[in-house]
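Thanks, everyone. Let me take you through one structure, strand by strand and then ligand by ligand.

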Amino acid sequence: MYTYQAQDQLLVDQRAAQFQEQVERRFEGALNEDEFRPLRLQNGLYQEMHAYMLRINIPYGTLSSRQLRKLADISRTFDKGYGHFTTRQNLQLNWLSLKDTPAILAELATVEMHAIQSSGSCIRNVTADHFAGAAADEIDDPRIWAEIVRQWSTLHPEFAFLPRKFKIAVSGGGKDRAATAVHDIGLKLVRNDDGQIGFEVMVGGGLGRTPMLGKVIREFLPSDHLLSYLEAILRVYNQLGRRDNKYKARIKIMVHELGAEVVRDLVEDEWLATRDSGLKLPQSEVSRIRDNFQPPAFEVVDAPDPDHQVQEPGFIDWQRTNVHAHKQPGYNIVTVSLKAFGIAPGDASAEQMYVLANLADAYSFGEIRVSHEQNLILPHVRRDHLPALWQSLQRVGLGTANAGLATDIISCPGMDFCTLASARSIPVSLAITERLDDLKRLHDIGELKIKISGCVNACAHHHVGHIGILGLEKKGEEFYQVTVGGRADEEAAIGQVVGPGFAGHEIPDVIENLIAVYLDVRKNGELFVDTVKRLGTSPFKESLYAHSETR
Amino acid sequence: MTARIITANRLDTGIVVYLNQLFDWSTEISAARVITEDSEVEDVLKIVDRAKIGENVVGVYAIDVDDTDEIDVPVPLRFRERIRVNGPTVSPHHVTPHHA
Ligand code: HEM
Ligand code: SF4
């Protein structure tokens with residue numbers, strides 16, 4: 001893991017101290033709310049429906065057991081004893097007081113964490129493949145490059161007041177597990193014909209009220225030019241991005257209005273002028289960062305496969321969905337599902353965080369990852385430790401065998417917490433989970449990604465859900481628009497609306513109906529989303545609206 | 001007009017409060033001062049904005065409530081405001097052991 005240098009530590013310590021003073025001045029009345037709001041947002045503190053909410057960055061989704069324990073401590077001491085992991089690889093605490101927040105920031109600083117740039121029109125927390133450093137299919141560890149981006153973008157003076165928020169995601173180059181196509185900049189590690197490492201650069205992806213997929217503007221960017229090229233993109237956006245209308249201010253609109261070719265030319269021109277400046281990455285600096293991400297001391301494992309030791313059906317199911325290939329023989333990556341029955345997607349209790357921190361120490365070199373799908377990951381688990389790990393996870397409600405299945409739902413906080421919401425999302429996800437509570441059937445349905453947002457801001461990525469659900473409001477009533485065929489991987493696509501919306505209580509039936517159509521027409525081995533691609537939306541529409549001409 | 005009450009969130013804790021009869025903030029909606037004249041809403045909001053009590057809260061606004069005689073407690077018309085009164089409609093706490 002990356003270890004803070006003296007200057008990193010100084011920065012977060014000073015920030016916590018400054019915020020302490022700002023909060024005091026706010027209470028004394030020396031700052032009014034208009035003056036104070038930007039200061040608190042710069043530290044990730046929002047006023048939500050019932051309390052203050054703090055958004056804590058987990059850069060590229062990597063956590064140490066020590067950090068996870070600290071998050072558990074904080075949620076127990078200052079919140080209600082749980083936290084909400086989000087699609088942005090952040091942790092949100094929903095029940096905080098303003099007066100406690102400076103102390104929380106100081107606590108976070110002791111474990112090299114903070115909430116800087118988790119809000120506002122700046123470069124946000126850089127996200128990455130949650131299997132980074134472990135995935136069998138990666139070209140390089142994306143965290144090395146995400147860390148370089150993080151250092152460059154933290155308090156970058158030129159980009160503190162962009163037209164709008166800016167999100168960068170990095171994938172390891174194999175399967176795209178970082179949803180790069182729906183980020184302002186998506187970086188994919190690639191290797192050229194000479195074997196050099198570089199990036200394919202996508203710009204202009206985003207969700208919200210105008211979903212768009214990023215466009216590739218460079219097939220191969222040599223890795224030592226990463227920062228000079230990013231700086232060129234940001235500079236073009238900072239000048240040309242629209243500041244007149246907040247709904248048109250994201251870079252996706254600029255790319256859409258100017259066209260990807262024009263944007264590419266502008267970026268390349270800017271880059272030509274600056275590419276060999278101080279931003280070119282010296283090899284020594286890359287090596288220094290790389291040293292922080294050295295693989296752990298893997299052992300040579302010659303124990304028998306766990307399948308031969310454990311016959312429990314629960315374990316076999318869990319292994320099928322929650323255990324993934326690792327680059328190191330004898331090891332696996334484990335997805336710890338935060339989608340247990342009856343629990344809001346992404347929520348983890350303090351107790352679960354403590355247990356997981358201990359399990360990470362025992363089985364995964366003290367490392368934990370946070371996925372954008374709102375699960376936690378133990379990245380380096382010896383194959384022969386899987387049964388013992390599974391049993392421990394089971395005991396604290398973390399052993400649900402549903403990674404990638406229909407109950408592994410991404411859900412935003414929705415109207416239960418969020419001031420911007422049009423409708424609730426958590427209860428809808430719970431109702432679906434309750435309806436589909438038959439593990440055998442879930443496994444038969446196979447991979448099916450359902451994503452639910454409580455308003456057009458699309459925080460839960462509903463546009464790229466295989467089934468997407470968008471909460472809206474009409475005459476004071478919640479209703480839900482359903483899309484199918486979206487996906488966030490290397491074949492990224494925006495889902496298509498199936499028709500008029502539904503009441504919340506109808507959604508489990510709608511899901512059942514869509515699944516029934518799929519099971520009926522699927523070809524061998526075809527995923528739900530492949531069936532939609534092959535047949536379009538019509539069979540689904542027909543089935544959904546067959547009995548309701550009045551709709 | 002529909003009846004209105006004034007709501008906000010406390011500056012220090014962020015929790016939901018309502019303006020009461022004594023021109024102070026209460027966490028209980030049952031204590032809320034119910035206003036039935038449009039002009040009075042404006043006046044009250046102005047007073048809160050200038051007065052000392054305005055300093056303890058953020059995001060002051062008026063909401064529509066049902067305040068017919070049969071009901072003792074004002075009930076907000078908008079669903080969102082009812083969630084602010086009662087808290088999340090889902091249990092925010094973790095329930096373990098879990099359903100396996
Ligand atoms: C509860 C407080 C939250 C607020 C006030 C909030 C606000 C917003 C807004 C205004 C947008 C639209 C931005 C735009 O289109 O320009 C947005 C997008 C987004 N937010 Fe949130 N959000 C919240 C919670 C979350 C949570 C819990 C997550 C993760 C689960 C999240 C992840 C995202 C993502 C992924 C997007 C869309 C991607 C994009 O186009 O940037 N947000 N949010
Ligand atoms: S999608 Fe809307 S309701 Fe959900 S968290 Fe984002 S802003 Fe709030």
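**Strands first, then the ligands**

Start with one pair: Ile168(A) has Ile185(A) in β8(A) as its bridge partner. This is a predicted model, where local features need pLDDT of at least 70, side-chain atom pairs count only at pLDDT 80 or more, and totals for chains, interfaces and linings use all residues. Residues are numbered from 1 along each chain as its sequence is written, chains are lettered from A and ligands numbered from 1 in the order in which they are written, and side-chain values use heavy atoms, with hydrogens and water left out.

Some terms. Strands are DSSP runs of E, at least two residues, numbered from the N terminus. Two strands pair if DSSP finds at least two bridges between them.

Now widen the view. The open sheet here has five strands, in the order β6-β7-β8-β9-β10 (chain A), and its pairing is mixed. At its edges sit β6 (127-128) and β10 of chain A, each pairing on one side only.

Next, β8 to β9. Strand β8 (residues 185-191) of chain A runs antiparallel to β9(A), and seven bridges join them. Within that pairing, Leu189(A) has Phe199(A) as its partner in β9(A). The β8(A) and β9(A) hairpin has five residues between the strands, and Gly195(A) there takes a positive phi near 85°.

Buried means under 20% relative accessible area, with a 1.4 Å probe and protein chains only. On to strand β10 (residues 215-222) of chain A: β9(A) pairs with it over five bridges, antiparallel. There, Val201(A) stands opposite Arg218(A) in β10(A).

Now another strand, β5 (residues 90-96) of chain A. Seven of its seven residues are buried, so β5(A) is largely enclosed by the rest of the structure. Strand β2 (residues 52-57) of chain A pairs with β5(A) over five bridges, antiparallel. Strand β4 (residues 82-85) of chain A is also antiparallel to β5(A), joined by two bridges. Watch Gln92(A) in β5(A). It is the bridge partner of Arg55(A), and His84(A) has Gln92(A) as bridge partner too. β4(A) and β5(A) make a hairpin with four residues between them, and Gln89(A) in the turn has a positive phi of about 55°.

Now the ligands. Which residues come nearest to ligand 1? Of the 22 around it, they are Thr87(A), Lys167(A), Leu207(A), Arg250(A) and Cys459(A). "Around" means a heavy atom within 4 Å.

Polar contacts next, meaning N or O atom pairs within 3.5 Å. Lys167(A) puts a polar side-chain atom 2.7 Å from an oxygen atom of ligand 1. For Leu207(A), a backbone N or O atom lies 2.9 Å from a ligand 1 oxygen atom. Arg164(A) has a side-chain N or O atom 3.4 Å from an oxygen atom of ligand 1.

Then the iron. What is the only protein donor of the iron atom of ligand 1? Cys459(A), through SG, at 2.2 Å. Donors are N, O and S atoms within 2.8 Å of the metal (3.2 Å for Na, K and Ca); water is not among the atoms, so sites may look incomplete. Cys459(A) sits in the loop between β17 (450-453) and β18 (467-474) of chain A.

Last, ligand 2. Its surrounding residues include Cys412(A), Cys418(A), Cys455(A) and, again, Cys459(A).

Notes: A polar contact is a pair of N or O atoms within 3.5 Å; within protein, one must be able to donate a hydrogen and the other to accept it, and residues adjacent in sequence count only if both atoms are side-chain atoms. Buried means under 20% relative accessible area, exposed over 50%, partly exposed in between (1.4 Å probe, protein chains only).
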